[in-house]
Amino acid sequence: MDEEYDVIILGTGLTECILSGILAVEGKKVLHIDRNDFYGGECASLNLTQLYQRFRNSAPVPAELGRDRDYYIDLIPKFLMQDEGLINVLVYTDVLRYLEFVAIATSMVYCEGKIFKVPSTPTEGLTSSLVGFFQKNNARKFIDFLLNWKKDDPKTHQGLDLEKTSMNEVYKHFSFNEDTQEFIGHAMALHLDDKYKNRPAIETCRPATMYLRSAARALDRNAGSPYIYPQFGLGDLPQGFARLSAVYAGTFMLNTPVDEIVRESDGKFTGVRSGDQVAKAKQVIGDPSYFPKHVRKTGRVIRAICILRQPIPNTAADSAQIIMPQRQIGREHDIYITCLSHEQKVCPQGRWIASISTIAETAGEPKDEIAQALKLVGPIEQIFVSVSDIYEPLEDGTESNVFISRSYDATSHFETVYNDVKDLYKRVTGNELTLQKRPVNAEQQA
Amino acid sequence: MSSSQSPETVASRSGAKPKTFTFKVVLLGESAVGKSSLVTRFARNQFDQYKESTIGAAFVTKEVPLDSNAIANLHIWDTAGQERYKSLAPMYYRNAAAAIVVYDITQAESFGKAKSWVQELKRQAGSAIVIALAGNKTDLSNRRTVSREEGSSYAESLGLLFFETSAQSGENVEELFSELAKKIPRSAEPARNSGPPAVNIAPSANSNNKNAQGDCAC
């Protein structure tokens, strides 16, 4: 590693691996280091041994759980939507070829003590059991408005400037009641709390449109939810981008401690020391765990991984997302539950993996905060609860050439990850990230 | 070097369309033993003596006739250099039906490394994987430090296929891949009908079409 590079990347989380791949393709000489002996950092998918190492102090794995390598348990539960930005990155980099996506069977929302299927189309909305809460005609008008809205065509704006108008005013415009607002803001736009209502409406209308488009494409293939998921776990996403980087001559060193970020007296980055070796580079990109003094804490996320011997009661599906909106459970933030199974190849047959996540609101026992979700999930064979701090960088890195990513937040999709990738790319290169088909396909068909 | 048959030839002989089996094959072995060169020789019948490493042949596909009515479509994955610091991802091994572990007959150390790759394979990929051991660079046999017997008796003790090859001259390269393909159980092809159907996110990009365009509006 005693060499000179253009960029050193620390941590093999998804954000870091996407940047590694893109920069290597652009011809940058990349050295990519992780202190762990596995890929993915905080967004790895772990096998049982790794899971027990991390959460149970390396206690022996109960034999009845089955084979180690049949498990790919995501540390951070998320699903993708077919219309989201990360999909474009997968397509344009060809990393998609390493992955096989499957549909998530159902998307549900918790309402008055029960769970209901989220209607994913206007038609489905009118026949759904949620229909009582859903103001049919207005909702249909709103959906048409979203799908026809074009930024540059004021005729499609119905007099609403989404960049300036608050979502509250848009709700007023369509005469939506509290229930419908909850449905749009939480089940479609996937906001975690109600702060969005006073923010510009575009921040809600854009994700709601993404949801509708994804749902429409899901309907084309008879899928019951707009969500998709890569077989063998989300950990394959960073692995795929790492391979892309390696194909373009990126050097990977796992299981390598980072002992020092070497800087000049004015704070400018010069290299990374591991043991008695120093790798030099112009720039460094890394996750917050490599720069503890240069990040600030913005919140805490509770996550609970549950191994089940049966699906979540009343879902009747191999996979599901369940949203528990804050208003329904007397909290400020929603609770998300994801459930996966053998069908997504993340556990053996006869097991289901449910993950519960929410933003922590108290300093108390995390299990108490998610008690309603635990009740919904039903009997649990093994549970692993953790509380993670969420960090953001103190500086943008343009002075020091130290570029730090954000922690993975509590949202259930990848938009914030993708935004961080775009933001970091701009800070690192000075250019906007433009996705183009790779000019030369390095992995050729013979 | 022309023992490979096109699918059309096979088809016309048997009068029926041959069945195609798709198998993933991974290469392993220390850096600079000639993994990529073996693939390039096999897939494109080329050899570049001065090629330093990786960029180029990290993933190729090639068809190999199995018998008069079956063809193996080999998806061959190269390490892309990730073996250098033991940084291969689990994704690399997953669903591999076969592996070729390569060493350099002029570098005894690379033979030792090959043995540990075989252990790693059994751990990561399970016992069903078909493994071939390839002692490469027979064109440099005047500098040989690993005898043919050492290689073959180790391979025999573990039930591995064994070939001594030269990516430079082409010796045994065709045979290596073709014998390996024949030894893979046809049931090793990943089942297509189990589980939910794959979601085709971007058909054009997936099929390597140059006109790939995301139809996402964002």
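In chain A, strand S16 and strand S17 (residues 352–359) run antiparallel and are joined by six bridges. Helices and strands here are DSSP runs, helices (H or I) of at least four residues and strands (E) of at least two, numbered from the N terminus. Two strands pair if DSSP finds at least two bridges between them. This is a predicted model, in which local features need pLDDT of at least 70 and side-chain atom pairs count only at pLDDT 80 or more, while totals for chains, interfaces and linings use all residues. Residues are numbered from 1 along each chain as its sequence is written, and chains are lettered from A and ligands numbered from 1 in the order in which they are written.

**Strand S16 of chain A**

S16(A) also pairs with strand S15 (residues 320–324) of chain A, in the antiparallel sense and over five bridges.

Strand S16 covers residues 335–341 and is mostly covered, with seven of its seven residues buried. A residue is buried if 20 or more other C-beta atoms lie within 10 Å of its own, exposed if 12 or fewer, and partly exposed in between, with C-beta atoms placed from the backbone. In a regular strand the side chains alternate between the two faces of the sheet. On one side of S16(A) are Ile335(A), Ile337(A), Cys339(A) and Ser341(A), on the other Tyr336(A), Thr338(A) and Leu340(A), and all are buried.

**Domains and a helix pair in chain A**

Chain A is divided into domain 1 (4–45 + 235–296 + 392–429), domain 2 (57–104 + 298–390) and domain 3 (119–220). These bounds come from an automatic or database domain assignment. Taken over C-alpha atoms, the centres of domain 1 and domain 3 of chain A are separated by 37 Å.

Two packed helices are described by the angle between their axes and the distance between the axes. Helix H5 (residues 136–148) and helix H8 (residues 202–220) of chain A have axes that come within 10 Å and cross at roughly 95°. Axes are lines fitted to C-alpha atoms, for helices over the stretch in contact, and angles run from 0 to 180 degrees between N-to-C directions. H5(A) and H8(A) are therefore roughly perpendicular to each other, a term for angles of 65 to 115 degrees, where under 35 is roughly parallel, over 145 roughly antiparallel and the rest oblique.

From H5(A), Ile143(A), Leu146(A) and Leu147(A) meet Cys205(A), Ala208(A), Thr209(A) and Leu212(A) of H8(A). Residues are in contact if their C-beta atoms, placed from the backbone, lie within 7 Å. By class, this contact of H5(A) with H8(A) has six nonpolar residues, one polar and no charged. Ala, Val, Leu, Ile, Met, Phe, Trp, Tyr, Cys and Pro count as nonpolar, Asp, Glu, Lys and Arg as charged, and the others, Gly among them, as polar.

Ile202(A) is also found in helix H8 of chain A. Leaving out residues up to four places away in sequence, Ile202(A) touches Leu162(A) and Glu163(A).

Chain B has seven helices and six strands. Of its 218 residues, 41% count as buried. Six strands of chain B form an open sheet with mixed pairing, in the order S2-S3-S1-S4-S5-S6. Strand S2 (59–67) and strand S6 (161–164) of chain B stand at the edges with a single partner strand each, so one side of each is left without a neighbour in the sheet. The twist averages 25° from one strand to the next.

Strand S1 (residues 19–28) and strand S4 (residues 98–104) of chain B run parallel, joined by four bridges. In S4(B), Ala98(B) is the bridge partner of Val25(B). Helix H5 (residues 148–158) of chain B packs on the sheet and touches strand S5 (130–136) and S6 of chain B, its direction making about 165° with that of S6(B).

**Surroundings of three residues**

| Residue | Other C-beta atoms within 10 Å | Class |
|---|---|---|
| Ile202(A) | 18 C-beta atoms | partly exposed |
| Glu112(A) | 8 C-beta atoms | exposed |
| Lys137(B) | 24 C-beta atoms | buried |

Glu112(A) is not a glycine, but has a positive phi of about 50°. Its place is in the loop between strand S7 (106–111) and strand S8 (114–117) of chain A. Lys137(B), not a glycine either, has a positive phi of about 80°, and lies in the loop between S5 and H5 of chain B.

Definitions and conventions
Two residues are in contact if their C-beta atoms, placed from the backbone, lie within 7 Å.
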